[in-house]
Structures are given as structure tokens and as C-alpha cells.
Amino acid sequence: MDIINRINHSYAMLSKKEQTLALYAIEKSDEMADKDIRGFAAETGISMSTISRFVRKIGYRNFEQFRSSFEAPSEGLSSHIGGNPSCVKEKSISVYRTYQEVIREAQEMVDSAIVEKAITAIKESGRVFVYGMGSSGLTATEFRQRLTRMGLNAFVATDDHMMAIHNQSIRKGDSVIGVSASGKTYEVVESLKSAKSHGAKTIAITASHGMLSQIVDYPMICGHELAIKEFINSQIPLIYAIDLMCMLLFEDNRLRWNLERTILSMDAIKSR
């Protein structure tokens with residue numbers, strides 16, 4: 001098992017500092033064969049005792065054995081180019097780490113009081129409208145499907161034309177949810193403004209402190225716009241938010257029963 005495989009196999013069990021050591025070692029792979037533990041500690045700002053625990057966790061007896069693993073050409077990481085399995089492993093660790101950071105940030109930013117109020121509004125609504133465009137439109141569609149399976153009277157609009165049509169019928173007692181990673185999508189922001197003026201409760205699911213979060217009743221902010229730009233999938237924090245909301249909705253006995261009944265009906269159709 002080469003160094004990348006060892007790190008990939010153990011990464012989830014590493015502490016945050018140990019994960020930093022792992023990724024630093026990969027980044028500096030061409031230089032690692034010449035390092036000693038003191039120098040490595042000085043460069044990373046992490047204690048030698050933590051480094052020793054790290055190398056043991058990934059299967060090496062000591063730092064010397066860990067350092068020596070970078071000497072063999074077959075394990076030189078920086079020389080690997082696209083298509084090489086070790087390069088794929090390296091990227092898989094990078095993606096995994098990004099997922100961890102994005103989800104951790106989403107969890108830390110969630111305002112429990114806002115979420116509880118949003119859940120109450122949804123459960124008390126006669127109708128629920130979910131608006132989103134582009135990639136956020138796909139997330140909005142997924143959310144609407146889940147709400148419908150729970151027996152809620154839910155609708156989705158993923159273009160400005162359908163949003164305008166729905167807004168003609170929105171009234172007090174409805175809830176309108178705007179899904180926008182950037183929080184700046186003009187059509188979603190304007191539609192939520194209109195819905196609020198008609199007396200609907202408005203909710204934002206966003207990963208930014210954009211305009212959308214400023215004009216709704218219940219802004220669910222679960223990320224930073226900068227983090228979105230650094231990673232290709234801007235929907236991860238939004239999906240985290242709707243997963244959380246669905247789990248909370250599922251605690252309602254009526255909604256849980258509706259979902260279970262829906263699943264039973266679907267299973268019956270498949271068995272025919």
C-alpha cells in the first residue's frame with residue numbers, strides 16, 4: 001500500500017491537524033525524503049508528538065519510515081499526472097476534505113431558532129412554493145418532491161415565468177421558499193418580495209448573506225459565498241439545509257405517516 005493509499009484509507013479517522021499533515025506531505029512530496037521530524041514540525045506548526053501519532057495512525061512505525069516512503073520513484077506523488085491512480089487518490093482526498101469543510105461550516109452557521117420557525121411555517125401552510133433557478137432550481141425541485149411525499153401541498157418554479165404565475169395566486173397562509181446559493185438571483189429575490197407583499201411567509205435557503213437573506217422572514221444561511229467559488233458544487237450546503245429540514249418535518253407523526261404511506265403505494269405499484 002503506497003503513501004496515498006495509506007492516507008486515503010485512514011483519512012476519516014485523522015484529527016484536523018493530522019489531516020493538515022497528510023495534505024501538506026502530499027503537496028511537498030518531492031521534498032519529503034529530505035525532511036526530518038523537527039523540520040517538518042517547524043514548517044507545519046504542528047508538534048512532533050502529533051506528527052508521531054499521525055505517522056503511526058497511517059501505518060508507519062516512526063517518522064523515519066514515513067519519510068523513507070517518499071524515496072521510491074513509484075511513490076513520488078508530484079510526478080504523477082492525470083490518469084494515474086495515485087493522482088486520482090490525491091484528488092479524492094482533496095474533494096473529501098472540501099466536503100468536510102463545507103458541511104462543517106453549514107452546520108456551524110445554522111441558526112436553530114430560524115430553522116424551527118421555518119419548519120413551523122411550512123407545517124402550518126396551506127400551500128408551499130419553492131423557487132430556484134439553475135443548479136439551485138434542481139435543489140428546489142428535489143425539496144418540493146420530498147415535501148409532496150410527506151403529503152404537503154407543494155409546488156416548484158424554476159424559471160421567472162412560472163414564478164410570476166404562482167405569485168398571482170399566493171395569499172396569506174402560504175409559505176414561499178427561495179433557494180439560491182449566491183442569494184443574489186434576481187428572479188428569486190423579486191418573487192420572494194412579491195410573495196411577502198401578498199402575506200405569505202418567506203424562507204430563504206442560501207449559502208450567502210446576499211439580498212435574498214435580507215428580505216425574507218426566515219433566512220437560513222448555511223455557508224459563505226467565497227467558499228462556493230472555491231468549489232464547483234455550490235449546492236452542498238443547500239442540500240445539507242433541506243436534509244435537516246426534512247428530518248425535522250419527519251418528526252411530525254402526520255407527515256411521517258404520509259411519507260410511509262407514499263412509499264408503500266410506490267412499492268405496491270412496482271410489485272405489479
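**Figure 1. Pairing of strand 4 with strand 5 in the predicted model.** Within strand 5, M220 is the bridge partner of I205. Strand 4 is joined to strand 5 (residues 218-221) by 4 bridges, and the two run parallel. Helices (H or I, at least four residues) and strands (E, at least two) are DSSP runs, numbered from the N terminus; two strands pair if DSSP finds at least two bridges between them. The model is predicted: local features need pLDDT of at least 70 and side-chain atom pairs count only at pLDDT 80 or more, whereas totals for chains, interfaces and linings use all residues. Residues are numbered from 1 along each chain as its sequence is written, and side-chain values use heavy atoms, with hydrogens and water left out.

**Figure 2. Strand 4 and its pairing with strand 3.** Of the 6 residues of strand 4 (residues 201-206), 5 are buried, so this strand is largely enclosed by the rest of the structure. Buried means under 20% relative accessible area, exposed over 50%, and partly exposed in between (1.4 Å probe, protein chains only). Strand 3 (residues 175-180) pairs with strand 4 in the parallel sense over 6 bridges. Among the paired residues, S180 has T206 of strand 4 as its bridge partner. Between strand 3 and strand 4 the chain passes through helix 11 (residues 186-197), in a β-α-β crossover that is right-handed. A crossover is right-handed if, with the strands pointing away from the viewer, the path from the first strand over the helix to the second runs clockwise.

Figure 3. An open sheet is formed by 5 strands in the order 2-1-3-4-5, with parallel pairing. Strand 2 (154-157) and strand 5 are the edge strands, each pairing on one side only. On average, neighbouring strands of this sheet are turned by 15° against each other, direction ignored. Axes are lines fitted to C-alpha atoms, for helices over the stretch in contact, and angles run from 0 to 180 degrees between N-to-C directions. Helix 11 lies across strand 1, strand 3 and strand 4, and runs at about 165° to strand 3. Helix 14 (residues 236-249) lies across strand 3, strand 4 and strand 5, and runs at about 130° to strand 4.

**Figure 4. Strand 1 and strand 2.** Strand 1 (residues 128-132) and strand 2 run parallel and are joined by 4 bridges. The bridge partner of Y131 in strand 2 is A157, and V130 stands opposite V156 of strand 2. The chain crosses from strand 1 to strand 2 through helix 9, again in a right-handed β-α-β crossover.

**Figure 5. Surroundings of M150.** M150 is placed in the loop between helix 9 (135-149) and strand 2. With a relative accessibility of 3%, M150 counts as buried. The C-alpha atoms of M150 and L255 are separated by 4.9 Å, although these residues are 105 residues apart along the chain. Leaving aside neighbours within four places in sequence, M150 is in contact (heavy atoms within 4.5 Å) with C246, L249, L255, N258 and L259.

**Figure 6. Packing of helix 2 against helix 5.** Helix 2 (residues 16-27) and helix 5 (residues 48-57) pack at an angle of about 75°, with their axes 10 Å apart. The two helices are therefore roughly perpendicular to each other; angles under 35 degrees count as roughly parallel, over 145 as roughly antiparallel, 65 to 115 as roughly perpendicular and the rest as oblique. Helix 2 contributes K17, E18, L21 and A22 to the contact, and helix 5 contributes T50, I51, R53, F54 and K57. These residues divide into 4 nonpolar, 1 polar and 4 charged. Ala, Val, Leu, Ile, Met, Phe, Trp, Tyr, Cys and Pro count as nonpolar, Asp, Glu, Lys and Arg as charged, and the others, Gly among them, as polar. E18, in helix 2, counts as buried at 3% relative accessibility. Apart from neighbours within four places in sequence, E18 is in contact with M13, T50, R53, F54 and K57.

**Figure 7. Packing of helix 2 against helix 4.** Helix 2 and helix 4 (residues 37-44) pack at about 105°, with their axes 11 Å apart. This pair of helices is therefore roughly perpendicular. L21, Y24 and A25 of helix 2 make the contact with F40, E43 and T44 of helix 4. The contact residues divide into 4 nonpolar, 1 polar and 1 charged.
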